Amino acid sequence: MLKISEKVQRISIRGKLILFMTTVVVVISLSNLYFYNMAYSSMDDYNRLLRDYSQVNSLSIILIQGRDDFAEYITGSNGSEEDNLELYKYRISMDAINDLINKISASSNSLETVLQSNAVRNSIQTYSDEINNIIDSKSTKEAKYLLFLKAKTDSVYIEGYIKQLLNTKLSEGEWYHSQLISRVRTIRIINFTSVLILMLVSLLFIFAISKSITNPIKKLTQFARNVSSGNFVNKELEMKSSEEINVLASTLNQMSKNIFNMISIQNQLHEEEIKSIRISNELNEARFLALQSQIAPHFLFNTLNAIARFSMFEGAKKTTHLIESLSSIFRYNLKGTEKVLLSEELKIIQAYFAIQSARFGERIRFDIRCRPDLGDIHVPRFILQPLVENAVIHGLEPKESNGMVRVKIFEESENLIIKVIDNGVGIHAGKLAQLLGQSEESVQRKGDTTGIGINNVRERVLLYSRKKDSFIMRSKVNLGTVITLNIPKS
Amino acid sequence: MRGGDPLDALIEEFISNLNLIHRLSVSENAGKTQKMVQCIDNHIRYKYLRKDEIVKLRTEMLQVDNLINIFRTRFGENLAYEKKVREDIPDPYLPSNTVLALAESALIHGLVPKEGDWRLNIEIDEHEHGLLIRVADNGVGLAPSIMDPSCSCIERKNEIAAVNARLKEYFTNPESGDMEPVSISCSGMYNKVTILLPRSGL
C-alpha cells in the first residue's frame with residue numbers, strides 16, 4: 001500500500017496544478033458565499049427593525065388621521081351614513097390599523113412588546129366599538145359629538161399605548177442593533193482572517209507544488225550536467241516523483257547508460273587504435289632503419305662532407321652551403337627516431353628550405369615563425385620535414401609562382417601548436433581521406449627525403465599526445481592546406 | 001620513378017639534390033666539386049637504380065673504377081688499387097652490383113677501419129671451368145673470426161652472401177644442381193673473395 005504522501009508525489013504535474021487550482025477556487029467561492037449570506041442576513045434583520053418602527057409609527061399616524069376624518073364626519077355631515085367620504089376614510093383607516101396591529105403582533109418577539117401590542121389592539125377594538133356605536137346611534141348630532149369626545153379621549157390613551165410600544169421597540173431595536181454591529185464586526189474579522197489564512201495556505205501550497213516540481217527538475221539538471229561533463233559516478237538517477245518527471249528520469253538514465261556504454265566502447269576502440277598505431281609505428285621504425293641501412297648513409301654522409309671541403313677550397317660558397325644542408329639532413333636521419341628538441345627539427349627544416357630555395361628560387365618562399373624559447377621543448381623526431389615536403393610536393397610544385405610554406409609554432413596553455421601552412425593547389429576531400437588512410441607502403445614517394453609519409457607522422461603524433469585532435473589536416477582546392485599538430489609540452 | 005618504393009624515392013631525391021649541387025658548382029666554377037659530384041651521381045644511379053639489371057662485366061668494372069675515384073678523392077693516395085683484366089677474355093653478362101658490391105664491401109668494411117696502407121686488387125682471368133674474378137684486400141674482416149656472429153664485419157659477410165645468392169640465381173643450371181660461385185679465402189695478409197662464373201652461363 002502506498003502512503004498518501006507517496007500517492008501525492010506520484011500525481012502528474014498537470015494533476016497537481018488542476019487539484020491545487022480547483023481547491024483554491026472552491027474554498028474562495030464557499031467562503032465568499034458564506035460571507036455574502038451573513039451580510040445579507042444582517043441587512044434583512046436591520047430592514048425588519050426599520051419596518052417595525054415604521055409600522056408602529058404609521059399606526060399612530062393612521063389612528064390620528066382616522067379620528068380626524070371621523071371628527072369631520074360628525075361635525076360636517078347630516079348624520080347620514082350613505083355616500084359620506086369622511087366616514088369611508090375612517091373605515092379604511094380602521095382596516096389599515098387592524099392590518100398593522102396584526103403585523104406588529106406577529107413581529108413582536110419579546111413578552112413586553114406582545115403585551116403592549118395586545119393592549120394597543122384591545123384599546124383600538126374598544127375605540128372602534130365606541131365609534132361604531134356613535135355611527136349606529138339615532139341620537140342628535142350634538143349627542144353624537146359628545147360621545148365622540150369621549151371616544152377621542154380614549155384614542156389619546158391609545159396614542160400613549162402606541163408611543164410606549166414604539167419606545168419599547170426602539171429600545172429593543174437599539175439592543176438588537178448593537179448585536180448586529182457586533183456580529184458585523186465578527187464577520188469582518190472572520191472574513192479578514194479567512195482571507196489571510198487562505199492566502200497563507202495558498203502560498204504554502206504554491207511553495208510545496210513548485211518544490212515538488214522544481215526539486216526533481218534540479219536533480220535531473222544536475223544529473224544531466226554530470227553526464228554532459230563526462231562524470232558517470234552516479235550512473236543511475238533514482239526518482240520517485242510525478243509521472244512526467246519519472247518518464248524524464250528513466251529516459252535520462254537510459255541515455256546516460258547508452259552514452260556511458262558508447263564512451264566505454266569508444267575508449268576501448270581508442271586503446272585498440274593506439275595499440276595498432278604503436279605496432280604500426282614499430283613496424284615503420286624497423287622499415288625506416290632498414291631503409292637507412294640500404295643507402296649506406298655513413299658512406300654518403302662522409303662523401304658529402306668530403307665534397308663540401310672541396311667546394312670550400314674552391315671558393316664555391318653557395319655549393320658548400322647546399323652540400324652542408326644536404327649533409328645535415330643525412331646526419332639527422334642517422335640518429336634514429338627518438339624524440340628530439342624542437343630546435344633540432346627546425347634546423348633540419350631550415351636545411352630543407354635551403355635546398356628547396358636553391359631548386360625553386362623565387363617560386364616558393366619559406367618562412368618559420370617560432371619563439372626561440374620554444375626550441376627547448378621535446379617533440380617526436382621527423383614530424384616537420386615530412387609535412388613540409390608534403391606541402392612542397394603536393395601543394396606548391398604544381399603551382400607556377402608565388403608559392404609559400406609557413407611553419408608557425410606557438411604555445412596554447414599546456415600544448416605546443418605547430419601549423420604547416422601552404423598556399424598551394426590544395427587537396428580535395430576524397431584525396432585527403434585517401435592520403436590519411438594510406439599505408440606507408442602505398443604512399444606516392446616522389447620528392448621524399450625521409451621515407452616517412454604524412455600518415456606516419458599522424459600516427460606518431462597521435463601516439464605521442466594520445467589525443468584524437470592532435471593531428472588535423474584541412475585543405476581547400478586552389479587555396480591551400482593547413483596541417484595542425486597539437487603536442488603536449490611536457 | 002619506380003612506383004612507391006621508398007628507397008627509389010629517396011635515391012631519386014638524393015640524385016636530384018646532387019644535380020642541384022652540380023649545377024651550382026658549375027656556376028661557381030668549382031671543377032673538383034663538379035667531378036666529385038658527378039662520380040657520386042654515377043655511383044648512386046648505378047648502384048640503386050640499376051640494381052636489378054643484367055650488365056656487361058666491363059660496364060661493371062667502369063663503376064668499380066668510379067668508386068675507386070671517389071675513395072681516392074676522399075682518402076688520397078693511401079689506397080693502392082690494382083686491376084688485372086686480360087684484354088682477350090670475353091665480356092660476359094652478369095647481375096649488376098656483383099664486383100662493385102665486393103669492392104665496395106672490401107673498401108668500407110675491410111680497408112676503411114684499418115690503419116696504414118690500403119691495397120685492393122681485382123683480377124679477372126680465364127679458368128678451365130669459366131671466368132675467374134678475384135677481389136683481394138689487405139683490410140680487416142675476413143679472418144676466421146668472421147664466422148663469429150658477434151664480429152663487427154658481419155655486414156660484409158652478408159653482402160658477400162647476397163652477391164653469391166644473386167649469381168646462383170642467374171648462373172645455376174637447374175639440371176646440374178647447386179653450385180657456389182663465390183668462395184672466400186684468406187692467404188697471408190690478403191682477404192680474397194673469388195667468383196667463378198661457369199662457362200655454360202657466359
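Q: In which loop of chain B does Asn97(B) lie in this predicted model, and is Asn97(B) buried or exposed?
A: The model is predicted. Asn97(B) sits in the loop between strand S3 (93-95) and H4 of chain B. Although Asn97(B) is not a glycine, its phi is positive, about 60°. Buried means under 20% relative accessible area. Asn97(B) has 7% relative accessibility, so it counts as buried.

Q: Why is helix H4 (residues 99-111) of chain B described as largely enclosed by the rest of the structure?
A: The buried residues of H4(B) include Val99(B), Leu100(B), Glu104(B), His109(B) and Leu111(B). Helix H4(B) is largely enclosed because the buried residues number 12 of the 13.

Q: What is the order of the elements of chain B from the N terminus on?
A: Chain B has 202 residues, of which 46% count as buried. Its secondary structure comes to 5 helices and 7 strands. Among contacts in chain B between residues at least 6 apart in sequence, 70% join residues at least 24 apart. From the N terminus on, the elements run α-α-β-α-β-β-α-β-β-α-β-β.

Q: How many helices and strands does the secondary structure of chain A come to?
A: Of the 490 residues in chain A, 41% are buried. For contacts in chain A between residues at least 6 apart in sequence, 72% join residues at least 24 apart. The secondary structure of chain A comes to 12 helices and 7 strands.

Q: Which domains of chain A does the second largest pocket lie between?
A: The volume of the second largest pocket is about 470 Å³. Its lining has 19 residues, and Val8(A), Gln9(A), Lys16(A), Ala208(A) and Ser212(A) lie nearest its centre. Because both domains give residues to the lining, the pocket lies between domain 1 (2-208) and domain 2 (236-285).

Q: Which helix gives the most to the lining of the second largest pocket?
A: Helix H1 (4-9), helix H2 (13-76) and helix H5 (141-228) of chain A each supply at least two residues of this lining. By residue type, the lining divides into 9 nonpolar, 5 polar and 5 charged. The helix that gives the most, with 8 residues, is H5(A).

Q: Which residues form the uncovered face of strand S6 (residues 471-476) of chain A?
A: Strand S6(A) runs antiparallel to strand S7 (residues 480-488) of chain A, and 6 bridges join the two. On the covered face of S6(A) are Phe471(A), Met473(A) and Ser475(A). Met473(A) stands opposite Ile483(A) in S7(A). The uncovered face holds Ile472(A), Arg474(A) and Lys476(A).

Q: Which residue takes a positive phi in the hairpin of S6(A) and S7(A)?
A: The hairpin has 3 residues between the strands. The phi in question is near 70°, and the residue is Asn478(A).

Q: Is Ser413(A) buried or exposed?
A: Ser413(A) lies in the loop between strand S4 (403-412) and strand S5 (415-422) of chain A. Its phi is near 50°, a positive value in a residue other than glycine. Exposed means over 50% relative accessible area. The value for Ser413(A) is 59%, so Ser413(A) is exposed.

Q: With which residues is Ser328(A) in contact, leaving aside its neighbours within four places in sequence?
A: Ser328(A) is part of helix H8 (residues 317-333) of chain A. At 16% relative accessibility, Ser328(A) counts as buried. With neighbours within four places in sequence left aside, Ser328(A) is in contact with Ile348(A) and Ala351(A).

Definitions and conventions: Residues numbered from 1 in each chain as written. Chains lettered and ligands numbered in written order. Predicted model: local features only at pLDDT ≥ 70, side-chain atom pairs only at ≥ 80, totals over all residues. Heavy atoms only, no water. Buried < 20%, exposed > 50% of the residue type's maximum accessible area, 1.4 Å probe, protein only. Helix = DSSP H or I, 4+ residues; strand = E, 2+ residues; numbered from the N terminus. Pairing = 2+ DSSP bridges. 1 Å grid on protein atoms, 1.4 Å probe; cavity = no way out; pocket = protein on both sides within 12 Å on 5 of 7 lines; lining within 4 Å. Points joined across faces, edges and corners; volume = space filled by probe spheres on them. Nonpolar A, V, L, I, M, F, W, Y, C, P; charged D, E, K, R; others polar. Domains from an automatic or database assignment. Contact = heavy atoms within 4.5 Å.
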